[in-house]
Amino acid sequence: KSEQTAARLTGAAVPSSDVRRNPWQPSCTSFARAPLRWSTLTVLLYPSKGMPVSCTPPLLHGLWIPLVTPFEGPAIDHAALAALAKRLAAQGIAGFVVCGPTGEAAALDEDEQLAVLATVREAVPHLPRIMGLGGEHLGHVLARLERLNTQELHGVLVPAPSYIRPAQDGLLTWFTRIADASAQPVVVYDIPYRTGATLQLDTLRAPGRPPRIQAINDCRRDA
């Protein structure tokens with residue numbers, strides 16, 4: 001591991017007494033969260049030296065596939081989606097990103113997105129799932145997150161709001177509000193050429209950063 005990699009995204013532990021703890025999450029009382037890197041398809045977990053041996057580390061590691069959402073005309077092709085998920089699951093992957101960067105989420109309403117998630121869950125129930133969660137209206141995003149908190153997710157993939165181009169303090173507020181309301185880990189999706197907003201690493205390192213922000217999908221490759 002490089003020193004740059006070892007310095008990424010460390011922070012305080014998530015207490016197991018948190019009443020919103022997702023059943024997918026580790027049950028240990030404390031751990032030093034390991035730094036993560038997520039490229040286009042891969043999340044790599046580098047265990048921290050401070051992590052107790054008896055603690056199960058977070059499961060954000062290995063190869064995660066951002067699923068496409070197949071269509072038949074204007075409708076989602078759920079049979080093709082289930083077949084695709086099963087075929088990929090047989091290749092030894094770690095999990096799926098549903099309605100993420102290649103999942104046509106912008107073309108789906110909220111109920112359709114939940115239907116896509118249900119199809120993937122039913123097709124490969126043994127594999128964990130991260131769900132894409134984007135938008136420009138914080139209240140609407142938080143309302144959608146409230147529904148996702150009941151879906152046995154392993155995490156949510158959250159970009160900055162598009163077009164608005166918030167300053168760094170605005171971005172920190174955006175991700176903090178979402179992380180504080182989430183029952184699962186938050187993966188920050190840093191993709192400035194889509195959102196128009198560039199997230200600085202120092203912003204994520206700011207004191208008081210929510211512990212549920214546990215990874216970054218770095219599309220600039222400079223985090």
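Student: At roughly what angle do the axes of helix α2 (residues 78-89) and α3 cross?
Tutor: This is a predicted model, where local features need pLDDT of at least 70, side-chain atom pairs count only at pLDDT 80 or more, and totals for chains, interfaces and linings use all residues. Residues are numbered from 1 along each chain as its sequence is written, and side-chain values use heavy atoms, leaving out hydrogens and water. Helices are DSSP runs (H or I, at least four residues; strands are E, at least two) numbered from the N terminus, and axes are lines fitted to C-alpha atoms, for helices over the stretch in contact, with angles from 0 to 180 degrees between N-to-C directions. The axes of α2 and α3 come within 9 Å, and they cross at roughly 45 degrees.

Student: How are α2 and α3 oriented to each other?
Tutor: Angles under 35 degrees count as roughly parallel, over 145 as roughly antiparallel, 65 to 115 as roughly perpendicular and the rest as oblique. The orientation of α2 and α3 is therefore oblique.

Student: How far apart are the axes of α3 and α4?
Tutor: Two packed helices are described by the angle between their axes and the distance between the axes. The angle for α3 and α4 is about 30 degrees, and the axes are apart by 12 Å.

Student: Which exposed residues does α4 carry on the face turned away from its buried side?
Tutor: Buried means under 20% relative accessible area, exposed over 50%, and partly exposed in between (1.4 Å probe, protein chains only). In α4 (residues 138-148) the buried residues include Leu 138, Val 141 and Leu 145. Down the axis of α4, its buried residues fall within an arc of 160 degrees (taken from the directions from the axis to the C-beta atoms), so they line one face. The face turned away carries His 140 and Glu 146.
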